[in-house]
Amino acid sequence: MTDDAIADADDYRFMAHALRLACRGLYTTDPNPRVGCVLVKRGAVVGEGWHVWAGSAHAEIHALTMAGEQARGATAYVTLEPCCHYGRTPPCTDALLAAGVTRVVAAMEDPYNRVAGAGLEQLRRAGVVVECGLMATEARALNPGFVKRLTRGYPYVRGKLAMSLDGRTAMASGASQWITGAAARLDGQRLRARSSAVMTGIGTVLADDPSLNVRLTGQSGRQPLRVIVDPELRTPLQARSLRLDGQVLVFTAVTEPGAWAPLQAAGAEVMAVPRRGEGLDLKAALAELARREINEVHLECGATLAGAMLQAGLLDELVVYLAPLLMGDGARGLFHLPGLTQMSQSIPLVIIDIRAVGRDWRITAQPAPGSVNLE
């Protein structure tokens, strides 16, 4: 909290409630952040809301509408600094001031350069008591892609992998259905649904012909962008991912537009990025996705692309589903990591969560700081 303010138990309780509200927009707000707001007066909640859709009213407006006249003299707990500019909607700071809110507690500043502290400063200048930083870690964790895109120019990349107890992802023949049980596969669908894009490599397209779409009962209907990393432009025109609703983007090193025409006719967008070794410049590809307001990338791919992303320092998080079965020495591994020959070259991970999902275990980990070549 700023301004030497000391948060009490009620502050934590109401901000936690605002964070829970923000979670309701987990699958729908993209490319906007997930935000919740709670209005409190004399210790009681008088209004609450969350951001539902990009372009629709922000969390503060929903809370103010619910509160009505009771907003005057209230405290607003909001998980992200209120906006102070005209974008898809008018400024929330103006609405808070007009409603007579006298105190605003924000979990974190907005990293967007048109706000970035200016919203809080506008409220302070108008005489509102402003505090910022309460449960900031939790607020940032709710919007990792939004924060990273606006501060570093890249989306947040979450790699989803499934492996046997002996670390194998497919038999030598390529067969991999199904390593994990139904509960883990459903959990993976939820990870897809929260993402802005689902990315895979051409090897996976040729071997498995994945749909790369979200298949959840009662989901919002929003489909993430489907992204295929295809250096030599080998994506089959009959690929399942090309035959479904939603957009498909193919990154390639092939620069002759004439070679793109068949895929473009099949409904895909094709974009050339520079080569990097035997593959593509993955940083350039991710920078392009960030330019398109892609916040979170869900990576489901084989060992080659997964290893390249990890060694390039482009994987922010790993979600590994560990199945209780053994697949043998001849089966395929999780990552292709050429050049690692000594223990000193191993890549350490920080495990942040382990939990059972049906018959399987889900391990969530992040590369340890400094463990890979982050540029």
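Predicted model: local features only at pLDDT ≥ 70, side-chain atom pairs only at ≥ 80, totals over all residues.

Visitor: Which residues of helix 6 are buried?
Guide: Helix 6 spans residues 144-152. Buried means under 20% relative accessible area. The residues of helix 6 that count as buried are Pro 144, Gly 145, Phe 146, Val 147, Lys 148 and Arg 149.

Visitor: What covers the buried residues of helix 6?
Guide: The cover includes both helices and strands. Among the strands are strand 6 (156-164) and strand 14 (296-299). Among the helices are helix 5 (136-142), helix 7 (182-194) and helix 10 (282-291).

Visitor: How are helix 2 and helix 3 oriented to each other, roughly parallel or roughly antiparallel?
Guide: Two packed helices are described by the angle between their axes and the distance between the axes. Here the axes of helix 2 (residues 59-67) and helix 3 (residues 92-99) come within 9 Å and cross at roughly 20 degrees. Angles under 35 degrees count as roughly parallel. The two helices are therefore roughly parallel.

Visitor: Which residues meet where helix 2 contacts helix 3, and how many are charged?
Guide: Helix 2 brings Glu 60, Ile 61 and Leu 64. Helix 3 brings Cys 92, Ala 95, Leu 96 and Ala 99. The contact has 6 nonpolar residues and no polar ones, and the charged count is 1.

Visitor: Is the crossing of helix 2 and helix 3 left-handed or right-handed?
Guide: Helix 2 passes helix 3, and the crossing is left-handed.
That handedness goes with axes that cross at roughly 20 degrees.

Visitor: How many disulfides are there?
Guide: A disulfide needs two cysteine sulfur atoms within 2.5 Å. Take Cys 23: its closest cysteine sulfur is in Cys 37, 15 Å away, so that is too far for a bond. The count of disulfides comes to 0.

Visitor: Where is Gln 70, and which residues does Gln 70 touch?
Guide: Gln 70 lies in the loop between helix 2 and strand 3 (75-78). With 44% relative accessibility, Gln 70 counts as partly exposed. Leaving aside residues up to four places away in sequence, Gln 70 touches Lys 41 and Val 46.

How values were computed. Residues numbered from 1 in each chain as written. Heavy atoms only, no water. Axes fitted to C-alpha atoms, helices over the stretch in contact; angles between N-to-C directions. Helix = DSSP H or I, 4+ residues; strand = E, 2+ residues; numbered from the N terminus. Parallel < 35°, antiparallel > 145°, perpendicular 65-115°, else oblique. Left-handed = near helix turned anticlockwise from the far one by under 90°. Contact = heavy atoms within 4.5 Å. Nonpolar A, V, L, I, M, F, W, Y, C, P; charged D, E, K, R; others polar. Buried < 20%, exposed > 50% of the residue type's maximum accessible area, 1.4 Å probe, protein only.
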